[in-house]
Amino acid sequence: MIPNLIKAEKEGKGYVLFNRRGTVLELTKNEYAVFRKYAKSKAFPKKHRDFFNRLCCYEFTEFENYKPKKQAIEYTQKLLTHDSEEPAFRSPVVAHLGITSMCNMHCKYCSIRQPYSGAKELSTGEWKTIIKKLGKLGAFQIGFTGGEPTLRKDLAELAEYVTKCRCAFNLTTNGWSLDNSLVRKLKAAGMRQCQVSLDSNKPEINDMLRQAGSCRRAIKAIKMLKKEGIAAGIDCVLSKNNIRHIPEFIKWLEKEKVPFLTIIKIKQGDLPLETFKELLPGYYEYSDLIETLCRRKNESPCITLDCGSVSNLQQVLREDELEKIPIAGCPVGHTLLSVAPNADIYPCVALSTQEFKVGNALKDDISALWKSSPVLKELRLLKSKVSGQCKTCSRKDHCRCGCRGIAKSLYNNLWESDNTCMFENKEVKP
């Protein structure tokens, strides 16, 4: 049985499978033939035990009276070795849609509020046109961001359309306006996971850079999602404001049975440059935190580091350890596209100023832009274009030269090394 499979797409000589849990799996032509023949069976196909046990672990199949044996998940290393102006994948794996510029909060590091405060809201039909284009292109996951997406009355309708276009739907919200009725509608529309913005379980820490009352409302939203069986993930912006409290925060998440946590290194957003520099965590301070997280014994929550944090991860891991975990570094031009509230396309939210505009999702052919945009083609060559210490670093394949958004903010130069990174050659902590 295949309850979670969204679609299977031909990719080169093989096939790529996508499921509702957020997993992408590559199969050879022969493996795909075996999958099609046996995946819908009720009984476990013992003839292909290892293959189908793997598919069960990845939640692409399930069989009556069979519990899969746990195994390590394998990750594609395609982006590590890719160095070309051609995209590593024929379509973006994830598309972030800022479906509104409206927001009921005032996070000080927001990248959207100021540039799009006067933007005209797109209609339901216009967003459906964009979603249809992305689905046809082959995007796997479409995530709604903002502003605050729950302020749109057509949110559930748009989410349902994402599912109709055979894409996984994901929502990022501050949780303020979520209620039980909306959560149930979103679940019926196909939502299986929801990201809630929360920097700490302590109001005096979280609310400092977000808004008074935001911590309480986010925690309330998490409980509503859990009650409806939606996997609640946390998006935590890491800064000097909360870095010392993260281990305690993670213990709280474990106690509350929150399964996922994404740690995002703070970007400038609306912050004055000097304030941004003050809030940016120190290299070794952040690396020490990551080491604590890597060595912890508990498996919940599952922690993901954003691409801007990979340079800190370098300080923690030995060369042989790097090969055992999925590290992709900067994904711009290869797995990610960002669509602003006015339908303009950017490589990512951290590079969403006019000079990095790729095109417009309503007016332009997104497929043609993905293949041939001069902005994306140039960013794909970042490993050869970057200057400074990143150019000769032995690990630039792993972090892809740090966050270009942070480098642009700090040095006003897209190709400058992210000099907040202190990793040099193989000077790794024992």
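Which residue of β3 does Y15 stand opposite? The legends below take up this point and two other regions of a predicted model.

**View 1. A three-stranded open sheet with antiparallel pairing.** Here the strands follow the order β1-β2-β3. On the edges lie β1 (5-11) and β3 (24-27), each of which pairs on one side only. Ignoring direction, neighbouring strands of this sheet are turned by 20° against each other on average.

**View 2. Strand β2 alongside β3, paired in the antiparallel sense.** Strand β2 covers residues 14-19, and four bridges link β2 to β3. To settle the opening question, Y15 stands opposite L27 in β3.

**View 3. Helices α1 and α2 in contact.** Let's look at how these two helices meet. The axis of α1 (residues 29-38) and that of α2 (residues 49-57) come within 11 Å and cross at roughly 75°. Angles of 65 to 115 degrees count as roughly perpendicular, and α1 and α2 are therefore roughly perpendicular to each other. On the α1 side the contact is made by E31, V34, F35 and Y38, and on the α2 side by F51, F52, R54 and L55. Sorted by class, this contact has six nonpolar and two charged residues, with no polar ones.

**View 4. An open sheet of 10 strands with mixed pairing.** Reading across, the order is β10-β9-β8-β7-β6-β5-β4-β11-β12-β13. The edge strands are β10 (302-305) and β13 (359-360), and each pairs on one side only.

**View 5. Strands β11 and β12, an antiparallel pair.** Residues 336-339 form β11 and residues 344-346 form β12, with two bridges between these strands. Within this pair, S338 stands opposite Y346 in β12.

Terms used
Residues are numbered from 1 along each chain as its sequence is written. This is a predicted model: local features need pLDDT of at least 70, side-chain atom pairs count only at pLDDT 80 or more; totals for chains, interfaces and linings use all residues. Side-chain values use heavy atoms; hydrogens and water are left out. Two strands pair if DSSP finds at least two bridges between them. Axes are lines fitted to C-alpha atoms, for helices over the stretch in contact, and angles run from 0 to 180 degrees between N-to-C directions. Angles under 35 degrees count as roughly parallel, over 145 as roughly antiparallel, 65 to 115 as roughly perpendicular and the rest as oblique. Contact means heavy atoms within 4.5 Å. Ala, Val, Leu, Ile, Met, Phe, Trp, Tyr, Cys and Pro count as nonpolar, Asp, Glu, Lys and Arg as charged, and the others, Gly among them, as polar.
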